[in-house]
Amino acid sequence: MMKRIHIATSSKQYEVVIGNELLHMIDRMIDRICPHVTAVLIITDETVASLYLADVQQALRQTYDRVYTHIIPSGEEAKSFEQFYACHTAALTNRLDRDSLIIALGGGVVGDLAGFVAATYMRGIRFVQVPTTLLAHDSAVGGKTAINHPLGKNMIGAFYQPELVFYDISLLHTLPEQEMRSGFAEIIKHSLIYDRVFFGWLQANVQKLDDLRGDRLQYAIQKGIEIKAAIVAKDEKEHGVRAHLNFGHTLGHALESELGYGVMTHGDAVALGMLFAIFVSEHFYKQPLFYSSFRTLFKHYGFPTSLPSHVSPERLLEKMKQDKKAKDQTVRMVLMKEIGTVCVERIDDEQLLQWLYVFAEEGGGKCDSSDSRGNDCER
């Protein structure tokens, strides 16, 4: 059954359409929302192109005469200056104008890159997100577009909302397990920061990743998007509560940058970052959050639960200080007071470094029983 979710921000209102086997109607859906399109440029990656590009082209050509394609390499490293420039070259070569449309066909990398191209080509043209991964349920909604820099992830970009998010969940069946797990991390994140009942539903209904199919998959995606939509509606450009969506991302982004983009999946890095955030939260707020239970749960799903042994806590701290939420070189982390309630807190370098060492040395921060009472672990 097709589901529509309304996204309302200060700059634009649009729909997320979710359903199964929807691809044949993509041209009509876009034409209804984006009239008078002169040309379409599909930006996709090598993996998605081999699977779905021909079907998307065929559907679009039922309505549009000028349908062009630009294919980028697969992987996080494609969110680069070089690929950003190449996409603009493709748009110029195919003579796109201000009434043209860009379609982001792919996962979060494609969506972030293509959205930033749309935001900057001729100072902004329309674009549509067509997610093909579970992870993109998060990145395709909310208007964050960006490319990476060697010194930090998503540091160069713009807030730029799409005209439509067209989410055909039948496109997810080709995803490998690690990519499904990566997207599931963001679904867990949405439940932990906003909805205790949804977190309970996940625990009861998703015992293993294979359970994320059919109606359960659509419901999990729907809930994740609805939570993000509610937060983005309050704070489009991350001046306040939208920062809560970065739960787990302070350490997660630091890990991705330090290891090299693509070495660890975004979801695995965020899952490890969420564990660290829960670990820090117990100490910071001096109250039990049952960290060890979360660690067991995450391990059960296949997420990493300890830092790579070769990663330096000092290097991670420096990367965390380059995070977009940092102010005056002071790390600001999203911490959890209880499931469904989070807050952004400043943490000084010395204390954070100590907690990083404990987290690393004890296989992910697993302490003795005194940990759950909020007492400091010993190094």
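Predicted model: local features only at pLDDT ≥ 70, side-chain atom pairs only at ≥ 80, totals over all residues.
Let me begin with charge: the mean positions of the 40 positive and 47 negative charges of the chain are 4 Å apart, where Lys and Arg count as positive and Asp and Glu as negative, with His and the chain ends not counted, and where the place of a charge is taken as NZ of Lys, CZ of Arg, CG of Asp or CD of Glu.

Residues are numbered from 1 along each chain as its sequence is written, and side-chain values use heavy atoms, with hydrogens and water left out.

Now the overall fold. The chain has 13 helices and 11 strands, which are DSSP runs numbered from the N terminus (H or I, at least four residues, for helices; E, at least two, for strands). Its radius of gyration is 21 Å, close to the 21 Å that the globule rule gives for 379 residues, so the chain is as compact as a globular protein of that length; the radius is taken over C-alpha atoms, and the rule is 2.2 Å times the number of residues to the power 0.38. Along its principal axes the C-alpha trace spans about 65 × 40 × 35 Å. Of the 379 residues, 61% are buried, and here buried means under 20% relative accessible area, exposed means over 50%, and partly exposed is in between, with a 1.4 Å probe and protein chains only. The chain exposes about 15,500 Å², of which carbon and sulfur atoms supply 49%, the areas coming from the Shrake-Rupley method with a 1.4 Å probe and, for residues, only the protein chains shown counting as cover. If we take contacts (heavy atoms within 4.5 Å) between residues at least 6 apart in sequence, 75% of them join residues at least 24 apart.

Next, the aromatic rings. The structure holds 14 aromatic pairs, a pair being two rings of Phe, Tyr or Trp (its six-membered ring) with centres within 6.5 Å, called stacked if the planes are under 30 degrees apart, edge-to-face if over 60, and tilted for the rest. The rings of F198 and Y219 have centres 6.3 Å apart and planes at 80°, so this pair is edge-to-face. It links distant parts of the chain, with F198 in helix α7 (residues 196-205) and Y219 in helix α8 (residues 214-234), 21 residues apart. F198 is buried at a relative accessible area of 2%, whereas Y219, at 31%, is partly exposed. For F276 and F359 the ring centres are 5.0 Å apart and the planes are at 65°, so that pair is edge-to-face as well. Here F276 belongs to helix α10 (residues 266-285) and F359 to helix α13 (residues 349-361), 83 residues apart, and both F276 and F359 are buried. There is also an aromatic cluster formed by F184, F298, Y301 and F303.

Y301 leads us to Q203, which lies in helix α7 and, leaving aside neighbours within four places in sequence, is in contact with L297 and Y301. Is Q203 buried, exposed or partly exposed? At 39% relative accessibility, Q203 counts as partly exposed.

Two other residues deserve a look on account of their side chains' surroundings. E256, in helix α9 (residues 249-259), is buried with a relative accessible area of 2%, and beyond its neighbours within four places it is in contact with K153, Y261, M264, H266 and A269. L101, in strand β5, is buried at 0% relative accessibility and touches, among others, I30, C34, R126 and F127, not counting residues up to four places away.

In helix α12 (residues 313-321), the buried residues are P313, L316, L317, K319, M320 and K321, and what covers them includes α9, α10, β10 (331-338) and α13.

Finally, the backbone. Most residues other than glycine have a negative phi. H36, however, has a positive phi of about 60° although it is not a glycine; it lies in the loop between α1 (26-33) and β3 (40-45) and is exposed, with a relative accessible area of 68%. R95 likewise has a positive phi, near 60°, in the loop between α3 (81-93) and β5 (101-106), and at 67% relative accessibility R95 counts as exposed.
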